Amino acid sequence: MFSLTVRDHMMIAHSFNGEIFGPAQGLHGATYVVDVTFEREALDSDDLIVDIGLAGQVLSEVLAEFNMKNLDDLEAFAGRNTTTEFMAATVFDRMAAAIHQGRLGETGKGLGGMKVTLGESHIAWASYHGKL
């Protein structure tokens with residue numbers, strides 16, 4: 001299996017519901033380092049996994065939906081705790097939709113899997129990994 005990773009970041013604000021979150025129940029900010037790893041069984045005819053330029057551009061476009069926003073204000077997340085885990089899956093879903101829409105060009109058609117990792121600090125991160 002071949003893999004290629006692109007990286008970007010997003011800055012968000014949010015709060016959590018539930019005693020398990022302690023002081024994070026209050027409004028607070030986070031800066032996530034976002035890594036998206038694309039996987040495919042074999043390289044394409046140009047010996048690529050995916051067009052790295054397009055991959056970075058699409059990731060940036062996906063993150064723009066959340067960057068510099070209070071996630072509590074987004075209707076799509078009403079009633080949800082926008083945890084690192086939840087947001088990793090959300091970015092995965094948005095990237096997968098972009099791939100299925102053809103936004104990663106011809107190289108995107110051969111992708112078999114993807115992993116999205118959100119690093120919330122140097123000691124904690126969460127990932128969502130799935131087939132495409």
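Me: On a 1 Å grid over the protein atoms alone, a pocket is an open set of points with protein on both sides within 12 Å along at least five of seven lines. What volume does the largest pocket have?

Reply: Bear in mind that this is a predicted model, with local features needing pLDDT of at least 70, side-chain atom pairs needing 80 or more, and totals for chains, interfaces and linings using all residues. Numbering starts from 1 along each chain as its sequence is written, and side-chain values use heavy atoms, without hydrogens or water. Volume is the space filled by probe spheres set on the points, joined across faces, edges and corners. For the largest pocket that comes to about 210 Å³.

Me: Which element supplies the largest share of that pocket's lining?

Reply: Lining residues have an atom within 4 Å of a point, and the largest pocket has 13 of them. Nearest its centre are His 14, Phe 16, Tyr 32, Thr 84 and Glu 120. Two elements, spanning 28-40 and 84-100, each give at least two lining residues: β2 and α2. The largest share, 5 residues, comes from β2.

Me: Which residue of β5 is the bridge partner of Met 114?

Reply: β4 covers residues 113-119 and β5 covers 125-131, and the two run antiparallel over 7 bridges. They form a hairpin, with 5 residues between the strands. Within that pairing, the partner of Met 114 is Gly 130.

Me: Is Asp 47 buried or exposed?

Reply: Asp 47 is in the loop between β2 and α1, the helix at 52-64. Its phi is positive, near 65 degrees, and it isn't a glycine. For context, most residues other than glycine have a negative phi. Buried means under 20% relative accessible area, partly exposed in between, and exposed over 50% (1.4 Å probe, protein chains only), so at 58% Asp 47 is exposed.

Me: What relative accessible area does Met 68 have?

Reply: Met 68 is another non-glycine with a positive phi, about 65 degrees. Its place is the loop between α1 and β3, a strand at 69-70. Met 68 counts as exposed because its relative accessible area is 61%.

Me: How much of the chain counts as buried?

Reply: Along its principal axes, the C-alpha trace spans about 50 × 30 × 20 Å. Of the 132 residues in the chain, the buried share is 39%.

Notes
1 Å grid on protein atoms, 1.4 Å probe; cavity = no way out; pocket = protein on both sides within 12 Å on 5 of 7 lines; lining within 4 Å. Helix = DSSP H or I, 4+ residues; strand = E, 2+ residues; numbered from the N terminus. Pairing = 2+ DSSP bridges.
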